[in-house]
Amino acid sequence: MFSANGAQSIKKTLAGLERPETRRRWLFKGGHVVWVVARTLFLVGMGFVLMYPLLMALSVAFRSQKDLLDPSVIWIPKHFTLENVQWALDNLEYFPSLWNTVKLSLVSSLLQIASCAVVAYGFARFKFKGKKLFFALVIFTIIIPEQVIYIPKYLMYKDMFLLNNPLCMYLPALLGVGIRSGLFIYIFNQFYRNLPKELEEAAYIDGCGYYSTFLRIVLPNSRTSVLTVFLFSVVWYWNDYFQASMYFFNMNTHSTMLARLADQAINFDSTTASVRLQACCLLVILPMLLLFLCFERFFTQGLERSGIVG
C-alpha cells in the first residue's frame, strides 16, 4: 500500500514538472538561489579586500617583537603589547596634534557647508545670466588637480601675511573654494533640484523671503545632505597633508606628524618601523572610524537622496 502511494506521488510530481509554468517556476527559484549565493560571495570578498588593511593594522599594532618574527602568528598576537601604541602616542604628540586637527577640520567643514549650500541653492532655484557657464566652471573645479593652484595660493597668502595662520584654511572654505567645494556644491544642487518647490511656494505665501525660506524650510529638509557633505569634508580636511605642510610651520596636525615619522622611519630596522607606523596609522584614523560608525545610516541616505549612487 505504501509503495503504491509513493509511486502515485512520484508520478504526480513528474507530471507537474512537465507543465511549462511549473518548469519556469523551478528555474526562477534556482536562478534566484544562484544569484543570492553569488551576490553574497562577492560582497563578502569585497568586504574582506576593503577591510584587510584595517584588520592587518589592528593585528600588527599590538604585536611584540617575538610575534613579528614568528611565522605562525597571522592575525591574533601571542604576546599582546601596548608598547607600539605608547610609542605612537608619544611621537605623534597625539593629543596636541589631535586638537589642532579637530579644530581645523570642524571649523573648515562647517564654513564649507554654509558657503556650498548657499551657492548650490542659488544654482538650483534662481535664473540669471551665465548660470550654465558658472555651473560648468564649478564642475570644472572638480576636474582640475588642486596642486595646479597651490603655488599661486601660497604666494597670495604670503602677501596677505596669512601663512602659519588657520585663516588660510578657513577663508577658502567660507568663500566656497575649499577642499572639494565643487563636489559639495554639486551634491547640494542635486538635492535641491529634487526638493518639491511647493514647500518654498507655501513659505512665500506665508510671507517668507528668500533667505528665511532657505533657513527655515530648505536647510532643515536637507539634513541628510548636510551630514553627507560634513562627513566628506571632515575626512578630506583630516587627511590633508599637502596644504597643512605648506601653510603651517609650527602647528602640527595628524597628517603632518605621520608624514614626519614616516621620513624618520629610515633610522629604524624595517620590521620595527613597519609596526610602529601601523600603530600610528591606526591612531590617526580611529576618530574618523568612530565618526563614520555613528553616522553611517544618515551618510548612505544622503548619498541616495542627492542622486550620487553607483
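Visitor: How is the model read?

Guide: Residues are numbered from 1 along each chain as its sequence is written. In this predicted model, local features need pLDDT of at least 70 and side-chain atom pairs count only at pLDDT 80 or more, while totals for chains, interfaces and linings use all residues.

Visitor: Which element gives the most to the lining of the largest cavity?

Guide: A cavity is a set of points on a 1 Å grid over the protein atoms alone where a 1.4 Å probe fits but cannot get out, and lining residues have an atom within 4 Å of a point. The search of the whole structure finds one cavity of 30 Å³ or more, and the largest cavity holds about 70 Å³ of space. Among its lining residues are Thr101, Leu104 and Trp238. With three residues, the most comes from α5.

Visitor: What is the volume of the second largest pocket?

Guide: A pocket is an open set of points with protein on both sides within 12 Å along at least five of seven lines. A volume is the space filled by probe spheres set on the points, joined across faces, edges and corners. For the second largest pocket this is about 280 Å³.

Visitor: Which element supplies the largest share of the lining of the second largest pocket?

Guide: The lining includes Leu231, Phe232, Ile285 and Phe299. Both α12 and α15 (270-306) supply at least two residues. The largest share, six residues, comes from α15.

Note on methods. Heavy atoms only, no water. Helix = DSSP H or I, 4+ residues; strand = E, 2+ residues; numbered from the N terminus.
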